[in-house]
Amino acid sequence: MHVGHFAVGMVAKRIEPKLSLGTLVLAAMLADFLWCIFMLAGIDHVEFKHGMGAANYLEATDIGMSHSLLTNAIWAALFAAAYFLWRRYRRGAWVLFAAVLSHWLLDFVAHPPDMPLAPGMHKEFGLGLWTSVPATLIVEGGFWLFAIILYVRATHAKKRLGIYAFWIVIPLLTLSWYNNIAGPPPLNPRTAPIASLVYFSLVVAWAYWMNRLRPAKEQVAQAAASRS
């Protein structure tokens, strides 16, 4: 998935307002960050073909280290453990564990059968949602819309910048997602992992910024009560 992973961060922010949206989006996207790094290191491998839409032009020949269920569980445990050692907040660590692990579950729904259970296993799984653009627009797009509505209702923009910076970027992310599911392959497959790494980093940075500009209403209410 694409915006589906961003949606996980927004929904998780509603579930646990104390966590930063940036940390939640980073957790939900961790497997893709690792995919970029492992691709550049020659550990994971994909092939780019002719066709429209990632389900048709991208063939994941070996993504076991970044996207297998086993390694996702390991990355989730390490990420959650690092957060717990830093913040000593057990509930937040569990939410982050679930956010990291959600990546495999969502990609299992979206990808054709290329999602392994563990590195080196030849049996792979995937329901192939992305092979149908209309179905993807309904399912992933619906989840994205739900997460946006939930996030907007659960947060409060401090200033107008919190409104503009949110509503300008949301359409850009949506267009990027649509191009991913229906558009052509990257012009230069060799630089695709670098471009993806930059893109994902910008999204996470934006999410951290949004966390400052749009704090959770629950936190705003608690701060107001403490001052009274």
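Reply: Start with histidine 111. Setting aside residues up to four places away in sequence, histidine 111 touches Met1, Gly126, Leu127 and Gly128; a contact means heavy atoms within 4.5 Å. Histidine 111 sits in the loop between α7 (90-110) and β3 (115-116). Helices (H or I, at least four residues) and strands (E, at least two) are DSSP runs, numbered from the N terminus. Histidine 111 counts as buried because its relative accessible area is 16%. The cut-offs are under 20% for buried, over 50% for exposed and partly exposed in between, with a 1.4 Å probe and protein chains only.

A word on provenance. This is a predicted model, in which local features need pLDDT of at least 70, side-chain atom pairs count only at pLDDT 80 or more, and totals for chains, interfaces and linings use all residues. Residues are numbered from 1 along each chain as its sequence is written, and side-chain values use heavy atoms, with hydrogens and water left out.

Now the other end of α7. Arginine 88 lies in the loop between α6 (69-87) and α7. Its phi is near 60°, a positive value in a residue other than glycine. Arginine 88 counts as exposed because its relative accessibility is 59%.

Next, the core. The largest nonpolar core has 60 residues, and those touching the most other members are Phe6, Met10, Val25, Trp144, Phe166, Trp206 and Met210. Helix α7 supplies the largest share of this core, eight residues. A nonpolar core here is a set of buried Ala, Val, Leu, Ile, Met, Phe, Trp, Tyr and Cys residues joined through side-chain atoms within 4.5 Å. Take tryptophan 206: beyond residues up to four places away in sequence, its contacts are Met10, Ala165, Phe166, Val169, Ile170 and Leu173.

Two further sites are worth a look. Alanine 54 belongs to helix α4 (residues 54-57). It is buried, because its relative accessibility is 9%. Apart from neighbours within four places in sequence, alanine 54 contacts Trp130, Asn180 and Ile181. Proline 184 is 130 residues from alanine 54 in sequence, yet their C-alpha atoms are 7.9 Å apart.

Histidine 45 belongs to strand β1 (residues 45-48). With a relative accessible area of 37%, histidine 45 is partly exposed. Beyond neighbours within four places in sequence, histidine 45 contacts Met39, Ala60, Thr61, Asp62 and Ile63. Glutamate 59 is 14 residues from histidine 45 in sequence and 8.9 Å away, C-alpha to C-alpha.

Finally, the whole chain. The protein chain has 11 helices and four strands. Its C-alpha trace spans about 60 × 35 × 30 Å along the principal axes. Of the 228 residues, 46% count as buried. Among contacts with a separation of 6 or more, 69% join residues 24 or more positions apart.
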